[in-house]
Amino acid sequence: MKKFLKFSGIIAAALALVGFILLIACHGIVGKDDPAGNWYSAGAVLFGNGPAKVTAFWVFTGTFEGQASGAALVAWIFSLVALLALIAGVLLPLLKVKVSDKVAGLVNLCAVVLMITAGILVFFTVPSWMGSNGYNSDGWGLSAGYVIAAILYIASGAVAICPAVVDFLGKK
């Protein structure tokens with residue numbers, strides 16, 4: 001258990017990083033009837049699209065003019081901030097930077113809350129995106145990449161809180 005607690009920050013950061021990559025690399029919303037043929041890219045879901053053709057890290061071809069999903073965008077922002085906090089929590093002790101335990105604990109707690117909230121918000125991507133674009137959400141669902149990203153975010157938050165929980169239970 002002590003080895004797990006020693007590496008819990010690295011494990012949490014790795015889980016969050018994989019979830020973050022999945023969130024921007026996979027399709028966001030897929031059609032339930034034909035997931036390979038009917039889908040919206042992560043760029044369209046996270047940031048919306050204008051009338052121009054968008055080709056970037058995520059690829060969208062067409063002339064879709066849509067709004068971003070508020071839930072997915074907030075989840076993306078929360079996960080980015082929490083990921084940076086988790087990486088800082090891993091790198092600062094390695095760089096011999098002295099940080100107060102109270103500050104480090106507060107930053108870790110904020111990262112946990114943000115990661116778990118981001119994981120929950122990812123599950124609300126479809127109704128949020130469909131509602132902001134005025135569509136009916138019947139026949140659409142989250143892609144597998146988004147579901148896995150949400151689960152990894154929640155797992156990352158659970159792993160990151162483990163040292164605080166063990167410390168709290170050890171004092172009682």
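Residues are numbered from 1 along each chain as its sequence is written, and side-chain values use heavy atoms, with hydrogens and water left out. Because the model is predicted, local features need pLDDT of at least 70 and side-chain atom pairs count only at pLDDT 80 or more, while totals for chains, interfaces and linings use all residues.

The protein has 7 helices and 5 strands, where helices are DSSP runs of H or I with at least four residues and strands are runs of E with at least two, numbered from the N terminus. Along the sequence these elements follow the pattern α-α-β-β-α-β-β-α-α-α-β-α. The C-alpha trace spans about 55 × 30 × 25 Å along its principal axes, and 35% of the 172 residues are buried, meaning under 20% relative accessible area with a 1.4 Å probe and protein chains only.

| Helix | Residues |
|---|---|
| α4 | 70-94 |
| α5 | 101-122 |

The axes of α4 and α5, which are lines fitted to C-alpha atoms over the stretch in contact, come within 8 Å and cross at roughly 150 degrees. The two helices are therefore roughly antiparallel, a term for angles over 145 degrees on a scale from 0 to 180 between N-to-C directions.

M1 lies in the segment before α1 (2-6) and counts as exposed because its relative accessibility is 65%, the cut-off for exposed being over 50%.

Definitions and conventions. Angles under 35 degrees count as roughly parallel, over 145 as roughly antiparallel, 65 to 115 as roughly perpendicular and the rest as oblique.
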